[in-house]
Amino acid sequence: MLSKNEIKYIQSLSHKKTRDTEGMFIAEGPKQVNDFLNSGIVVKKIYAVADWITTHDHLKNAITVQEAELKRISTQSTPNQVLAIVEKKKLSTEPSLKNKITLVLDGIQDPGNLGTVIRIADWFGIDQIVASTDTADLYNSKVVQSTMGSIIRVNVWYKDLEIWLSKANVPVYGALLNGTSIYNLKRIEEGLLVIGNEAKGIRENILPFIQHAVTIPKKGAAESLNAAVATGIILSHLVK
């Protein structure tokens with residue numbers, strides 16, 4: 001049986017302040033936990049129902065819990081067998097921009113969108129993202145869940161974009177309503193692709209850094225595209 005203090009600690013990891021202080025976050029579900037176990041990232045502790053424990057009896061840091069206990073500590077409405085406390089990745093270096101494409105996110109607020117963007121980046125072989133400081137937290141449980149394991153392979157840095165972009169020495173592309181059609185884009189091997197906020201797009205103070213405005217031509221009546229969907233469409237025409 002879990003102690004009250006242990007339950008309280010696990011629940012506190014649903015808050016960014018605690019995650020930042022502790023350097024830990026929560027991962028849930030058999031696939032996700034197995035991905036972390038096989039990744040080299042430190043998995044501190046595991047809480048799982050008996051059936052899951054039976055197939056992972058070699059793990060010394062796994063604790064058996066009842067379904068009711070798992071529900072108390074889970075961030076999901078329907079917990080799935082196992083929850084793990086995982087150590088945040090330590091990024092010791094700055095992103096290197098040469099000979100690769102880097103995504104730049106300006107104020108992506110929705111955790112599900114951020115997680116999906118990370119997953120899309122992984123699909124196209126992009127292993128680094130630079131995000132504005134007000135972008136959703138990488139280790140929010142909804143972000144972690146929606147990356148479907150891609151969080152392991154894609155590194156994310158949070159920066160003051162205005163300062164950071166002023167020092168960038170590679171071509172900068174930006175998703176804007178008025179720009180070159182993606183169907184006329186030349187494929188690239190190096191550069192930044194800036195994706196703006198879901199509702200407001202790229203902010204005014206970031207626009208001066210955009211050297212190549214790109215757009216997805218519109219045929220229907222929809223007002224806008226989901227940020228993650230737009231990212232996937234643009235990358236499909238930009239990545240060499």
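Reader: What does helix 6 lie across in this model?

Author: Helix 6 (residues 111-123) lies across strand 5 (101-106), strand 6 (128-132) and strand 7. The model is a predicted one. Against strand 5, helix 6 runs at about 170 degrees.

Reader: Which strands does helix 9 lie across?

Author: Helix 9 (residues 227-238) lies across strand 5, strand 8, strand 9 and strand 10. The angle to strand 9 is about 155 degrees.

Reader: Why are helix 6 and helix 9 called roughly parallel?

Author: Their axes cross at roughly 15 degrees. The cut-off for roughly parallel is under 35 degrees; helix 6 and helix 9 are therefore roughly parallel to each other. The crossing is right-handed, and the two axes come within 8 Å.

Reader: Which residues make the contact between helix 6 and helix 9?

Author: From helix 6 come Asn113, Thr116, Val117 and Ile120, and they meet Ala227, Ala228, Thr231, Gly232 and Leu235 of helix 9. By class, this contact has 5 nonpolar, 4 polar and no charged residues. Gly counts as polar here.

Reader: What is the strand order of the open sheet?

Author: The sheet has 6 strands in the order 7-6-5-9-8-10, with parallel pairing.

Reader: Why do strand 7 and strand 10 stand at the edges?

Author: Strand 7 (155-159) and strand 10 (212-215) each have a single partner strand, so one side of each is left without a neighbour in the sheet. On average, neighbouring strands of this sheet are turned by 35 degrees against each other, direction ignored.

Reader: What makes strand 8 and strand 9 a pair?

Author: A pair needs at least two bridges. Strand 8 and strand 9 (residues 191-196) are joined by 3 bridges, so they count as paired, and they run parallel. Tyr173 and Leu193 are 20 residues apart along the chain, yet their C-alpha atoms are separated by 4.7 Å.

Reader: Why is Tyr173 called buried?

Author: The relative accessible area of Tyr173 is 11%. Buried means under 20%, so Tyr173 is buried.

Reader: Which residues is Tyr173 in contact with, leaving aside its neighbours within four places in sequence?

Author: Tyr173 is in contact with Ile188, Leu192, Leu193, Val194, Ile210, His212, Val214 and Leu238.

Reader: Which residues of helix 1 are buried?

Author: In helix 1 (residues 4-12), Glu6, Ile7, Ile10 and Ser12 are buried. What covers them includes helix 2 (16-22), strand 1 (24-28) and helix 5 (67-73).

Key:
Residues are numbered from 1 along each chain as its sequence is written. This is a predicted model: local features need pLDDT of at least 70, side-chain atom pairs count only at pLDDT 80 or more; totals for chains, interfaces and linings use all residues. Side-chain values use heavy atoms; hydrogens and water are left out. Buried means under 20% relative accessible area, exposed over 50%, partly exposed in between (1.4 Å probe, protein chains only). Helices (H or I, at least four residues) and strands (E, at least two) are DSSP runs, numbered from the N terminus. Contact means heavy atoms within 4.5 Å. Axes are lines fitted to C-alpha atoms, for helices over the stretch in contact, and angles run from 0 to 180 degrees between N-to-C directions. Angles under 35 degrees count as roughly parallel, over 145 as roughly antiparallel, 65 to 115 as roughly perpendicular and the rest as oblique. A crossing is left-handed if the near helix is turned anticlockwise from the far one by less than a right angle, and right-handed if clockwise.
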